[in-house]
Amino acid sequence: MNILVVDDEAVIREGLTRILEADSFDVETAKNGHAAIELLQQKEFSLIITDLKMPGMSGFEVLNAVKILQPETPVIMITGFATVETAVEAMKNGTVDYIVKPFTPDQILEKVHKALSQKKSSPDDVYIAKEIDCHHGFDQFVGESREMQKVYRRIIQVSATDSTVLITGESGTGKELAARAIHKNSSRRDQPFVAVDCTALAENLLESELFGHVKGSFTGAMQTKMGLLMVADGGTLFLDEVSNISLSTQAKLLRVLQERQVTPIGGTQPVSFNIHLVAATNKNLKTMISEGKFREDLYFRLNIIPLDLPPLRERKGDIPLLIRHFFNKFTQEVGKDLKGFAPDAMEFLENYSYPGNVRELVNTIERAVVLAEGSVIQKENLELAEACADAPAGFEGYVPTTAEDLKEMKRQIRDRSVESVEKAFVMNALRRSNWNISRAAEETGMLRPNFQTMLKRLGISVKDYFEKGTS
């Protein structure tokens, strides 16, 4: 049994730790709500004990996060305000019990044992099992793996609240699908779902799109325009690739989210709005914070409830389901009577690493269906020639004879595979940026020296490639 204690007072944390560890519990502590949420994302707890009054994030906000992150985990609230109203509010919000400071060790242990004995399982698991049994997935997602069941559970849990959600995951994992599923399963489903691609607009246009503007507030403002924060009023606002917002716009967005009021550009009167905010990014915001590219306070405002989407390579058991689903979809759309895949094509699809995740699998299946000439899709129809070699380069005909040989062969194959992905990554970035190294590094979220080091290690000369492209 492991217990998380959340309190801004060190003496309370230390006292509870001594009491609980003496009764054979494992105890972890957090000095504020943000630290508690970080721990809740990393491991499961048997019980949470949190103070009610804390700076930054109250015990009620911690409770709301627990109900989504670990809904089966009971919460005991500690309060120094022994009023009937506080106790009633705590119990109404979902705590299993409360205790008033100062307290005795016996009081704490009695409450803890009682809470653990009353722990109940969530009905969400039953619902998800039924959905998977009927549809092999959930909402628009296809997959039955344990990793995806965690995603489905989190979507259901967060849909019942207005807590801000931060969806993370690599490109192609389905971040917008998750955002739409949250909206569809919420009480706001009949209200607008507004998606904003933060990479598609320049800084001044993004502010105008989000906040709105009044006629004549800047050059080109020919008429008053309502911002998307107001368009989404009553519904869900999805900020896709939020990491691309500039620091100055981040500061303005933070203030708007804190106040839940927005003043259009050129306007003077703030207007209140009511939205469920869902943000998404394929970048590591913590790294960006350390590099000074993303505001820490905005990160905490967005990362109330995290939802991480696993890459396809970490849920390979779902690949056959995805292949069958999209094969059926595209044969119907294209109008072809295909029987399936040749054995070598199917084997390749099931073992391919899919750096582009589900989006790449979908594109591959659609392309193969369109290009297939017979009744069966052949391996060449997949058009993934760069990954279709029958044996890894340099290992044709070689079979390891010892465990050490196998280990070394796997290491070399892995290194070569990574190198090919890295080369495709930098070449794609350079082409997009017209062979400008600084711009390519910036667009990929890398520092210029690190980008140059990768080029040198891969033996890529920008000058040579640029001359070939222009000769």
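Both phenylalanine 327 and phenylalanine 341 are buried, where buried means under 20% relative accessible area, exposed over 50% and partly exposed in between (1.4 Å probe, protein chains only). The model is predicted: local features need pLDDT of at least 70 and side-chain atom pairs count only at pLDDT 80 or more, while totals for chains, interfaces and linings use all residues. Residues are numbered from 1 along each chain as its sequence is written, and side-chain values use heavy atoms, with hydrogens and water left out.

**Aromatic pairs**

Rings of Phe, Tyr and Trp (its six-membered ring) pair if their centres lie within 6.5 Å; planes under 30 degrees apart count as stacked, over 60 as edge-to-face and the rest as tilted. By this rule there are seven aromatic pairs. One of them is tilted and consists of phenylalanine 327 and phenylalanine 341, at 5.3 Å centre to centre with 50° between the planes. Phenylalanine 327 belongs to helix α14 (residues 319-334) and phenylalanine 341 to strand β17 (residues 340-341), so the pair ties together parts 14 residues apart in sequence. Helices (H or I, at least four residues) and strands (E, at least two) are DSSP runs, numbered from the N terminus.

Tyrosine 352 and tyrosine 354 make an edge-to-face pair, with 4.8 Å centre to centre and 75° between the planes. Tyrosine 352 is buried at 8% relative accessibility, and tyrosine 354 is buried at 1%. Ring pairs also link Phe348, Tyr352 and Tyr354 into a cluster.

**Salt bridges**

A salt bridge is a side-chain nitrogen of Lys or Arg within 4 Å of a carboxyl oxygen of Asp or Glu. The whole structure holds 15 salt bridges, including these:

| Residues | N to O distance |
|---|---|
| Lysine 101, glutamate 9 | 3.3 Å |
| Glutamate 291, lysine 293 | 3.7 Å |
| Aspartate 337, lysine 339 | 3.7 Å |

Aspartate 337 is exposed, with a relative accessible area of 62%, and lysine 339 is exposed at 60%. Salt bridges with shared partners join Glu9, Asp51 and Lys101 into one network. Glutamate 291 is partly exposed at 35% relative accessibility, as is lysine 293 at 32%.

Lysine 101 is partly exposed, with a relative accessible area of 21%, and glutamate 9 is partly exposed at 34%. A cis peptide bond joins lysine 101 to proline 102, with omega about -5°. Proline 102 lies in the loop between β5 (97-100) and α5 (105-117).

**Positive phi values**

Arginine 260 has a positive phi of about 55° although it is not a glycine. Arginine 260 sits in the loop between α11 (247-259) and β13 (261-262) and is partly exposed at 27%. Asparagine 357 also has a positive phi, near 60°. Asparagine 357 lies in helix α16 (residues 357-371) and is buried, with a relative accessible area of 0%.

**Surface patches**

Patches are made of residues with over 30% relative accessible area and no salt bridge; like charges are joined within 9 Å and nonpolar side chains (Val, Leu, Ile, Met, Phe, Trp, Tyr) within 5 Å. Asp344, Glu347, Glu350, Glu373 and Glu380 form a negative patch. Lys and Arg count as positive and Asp and Glu as negative; His and the chain ends are not counted. The place of a charge is NZ of Lys, CZ of Arg, CG of Asp or CD of Glu. Glutamate 380, in the loop between β18 (376-377) and α17 (403-432), is exposed at 58%.

Val334, Val370 and Leu371 form a nonpolar surface patch with about 210 Å² of accessible area together, by the Shrake-Rupley method with a 1.4 Å probe, where for residues only the protein chains shown count as cover. Valine 334 lies in helix α14 and is partly exposed at 39% relative accessibility.
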